[in-house]
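My entries follow in the order I made them.

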Amino acid sequence: MQKVKLDRRGAIAAAALVAALGVVTVIAFTSRSRAADDTSITVNVPPAVNDRIYASPTAEGRPIVVIDAGHGGRDPGATSVSGEVHEKDLTLALAQELRDELVKRGRVRVAMSRNDDSYLDLEQRAAVARRLNAAMFVSLHMDSAPNPMARGASIYSLSDVASDAEAARFAAIENEGAMTGEGNGSVEAMLGDLAMQTQMSESADLAARLVNRSAGRFELRPDPHRFAAFHVLRRADTPAVLFEAGYLSNADDELLLRSPQHRAAIVLALAQAIEADIATRSHR
Ligand code: ZN
């Protein structure tokens with residue numbers, strides 16, 4: 001009898017506990033959903049980033065190459081000697097042609113920092129490569145120099161010290177607007193970093209391949225592989241080069257860079273070098 005009584009009391013206690021837990025659960029759930037509502041109203045959430053990947057069906061799971069069309073939007077880059085074209089338009093054309101060629105060949109997947117006339121800062125460009133865990137970052141540019149005879153393509157990879165005064169000048173132009181100096185902004189701060197050393201050496205290998213594939217196909221500057229402290233290359237966190245396709249300040253180069261046939265020769269050399277480099281690194 002007593003036992004039954006105890007059980008009944010126990011059952012009542014258990015029922016009370018269940019009810020209490022239920023109330024607690026309901027309260028917790030209510031307060032959680034209220035908190036979620038509050039968050040969506042009051043917190044300034046950054047816009048969702050949806051990086052588009054371009055690939056043929058056969059390239060599923062292949063490494064991602066980020067193509068970065070230099071400049072864009074309110075930043076036109078260099079203006080051609082004729083005054084008719086801006087660097088930002090030609091880098092976009094070259095980037096789209098390179099993307100299409102790489103997708104057609106099917107050995108890598110491709111992402112683009114921009115595919116229209118948008119303005120992006122250097123950090124936003126490099127962030128695409130980091131978000132996608134890209135295997136490579138290729139930034140496309142064209143130069144402009146005070147000397148109207150200067151012409152030809154060159155390939156830059158990252159280093160703390162510029163290879164020459166011209167490379168330092170070019171890097172200073174391309175770094176405009178980037179945070180430099182303190183903490184994570186400076187290349188110098190990263191020199192002791194082993195990952196950065198590896199990134200620099202792999203980037204130099206990639207640049208050397210690009211020179212080899214380009215030689216004889218279109219005009220290169222003397223000593224075409226140059227080094228400088230490019231912010232966008234350092235922040236890409238992956239082997240990265242800056243391909244400078246020629247001089248818009250030179251009349252012959254302007255004509256060539258505006259010609260789809262000439263750009264096709266550049267695109268083929270770039271595509272072959274990119275694929276060779278990816279293949280070599282994935283077999284290591
Ligand atoms: Zn540029």
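**Entry 1: Met136**

Does Met136 count as buried or exposed? I found 23 C-beta neighbours inside 10 Å, so Met136 counts as buried. The cut-offs: buried is 20 or more other C-beta atoms within 10 Å of a residue's own, exposed is 12 or fewer, and partly exposed is in between, with C-beta atoms placed from the backbone.

I noted the ground rules next. This is a predicted model, where local features need pLDDT of at least 70, side-chain atom pairs count only at pLDDT 80 or more, and totals for chains, interfaces and linings use all residues. Residues are numbered from 1 along each chain as its sequence is written.

Met136 lies in strand β4. Helices (H or I, at least four residues) and strands (E, at least two) are DSSP runs, numbered from the N terminus. I then listed what Met136 touches, leaving out residues up to four places away in sequence: Val65, Leu206, Thr238, Pro239, Ile274, Asp277 and Ile278. A contact here means C-beta atoms, placed from the backbone, within 7 Å. I also checked Met136 against Val241: they are 105 residues apart in sequence, and 8.5 Å apart in space, C-alpha to C-alpha.

**Entry 2: confidence and overall make-up**

I looked up pLDDT, the predictor's confidence in each residue, from 0 to 100. The chain mean is 84, and 77% of the residues reach 70 or more. Two stretches stay under 50. Residues 1-6 are one of them, with zero contacts beyond four places in sequence. Residues 181-185 also stay under 50, and there the model has four such contacts.

I counted eight helices and seven strands in the chain. Of its 284 residues, 37% are buried. I also took contacts between residues at least 6 apart in sequence: 83% of them join residues at least 24 apart.

**Entry 3: the sheet**

In what order do the strands of the open sheet run? I read β1-β3-β2-β4-β7-β5-β6, seven strands with mixed pairing. β1 (53-54) and β6 (220-228) stand at the edges with a single partner strand each, so one side of each has no neighbour in the sheet. Two strands pair if DSSP finds at least two bridges between them.

I went through the pairs around β4 and β7. β2 and β4 run parallel, joined by five bridges. Ile67 has Val138 of β4 as its bridge partner. β4 and β7 also run parallel, with six bridges. There, Asp143 is partnered by Tyr247 in β7. β5 and β7 run antiparallel, with four bridges. Ser157 stands opposite Val241 in β7.

Why is β7 largely enclosed by the rest of the structure? Eight of its eight residues are buried.

**Entry 4: helices on the sheet**

Helix α2 (residues 87-105) lies across β1, β2, β3, β4 and β7 (240-247), at about 145 degrees to β4. Helix α5 (residues 194-214) lies across β4, β5 (153-158), β6 and β7, at about 170 degrees to β5. Axes are lines fitted to C-alpha atoms, for helices over the stretch in contact, and angles run from 0 to 180 degrees between N-to-C directions.

**Entry 5: the core**

The largest nonpolar core has 62 residues, and Val65, Ile67, Val241, Leu270 and Ile274 have the most contacts inside it. Helix α8 (residues 260-282) gives the most to this core, with eight residues. Such a core is a set of buried Ala, Val, Leu, Ile, Met, Phe, Trp, Tyr and Cys residues joined through C-beta atoms within 7 Å. Beyond four places in sequence, Ile67 touches Ala95, Leu98, Arg99, Val110, Met112, Val138 and Leu140.

Which residues of helix α3 (residues 122-131) are buried? I found Leu122, Arg125, Ala126, Val128 and Ala129. They cover an arc of only 140 degrees around the axis, which puts them on the same side of α3. The arc is that of the directions from the helix axis to the C-beta atoms. Their cover includes β2 (64-69), β3 (109-112), β4 (136-143) and α6 (231-235).

Asn133 lies in the loop between α3 and β4. Its phi is positive, about 50 degrees, although Asn133 is not a glycine. Asn133 is exposed, with 10 other C-beta atoms within 10 Å. Asp223 also has a positive phi, near 50 degrees. Asp223 sits in strand β6. With 12 C-beta neighbours inside 10 Å, Asp223 counts as exposed.
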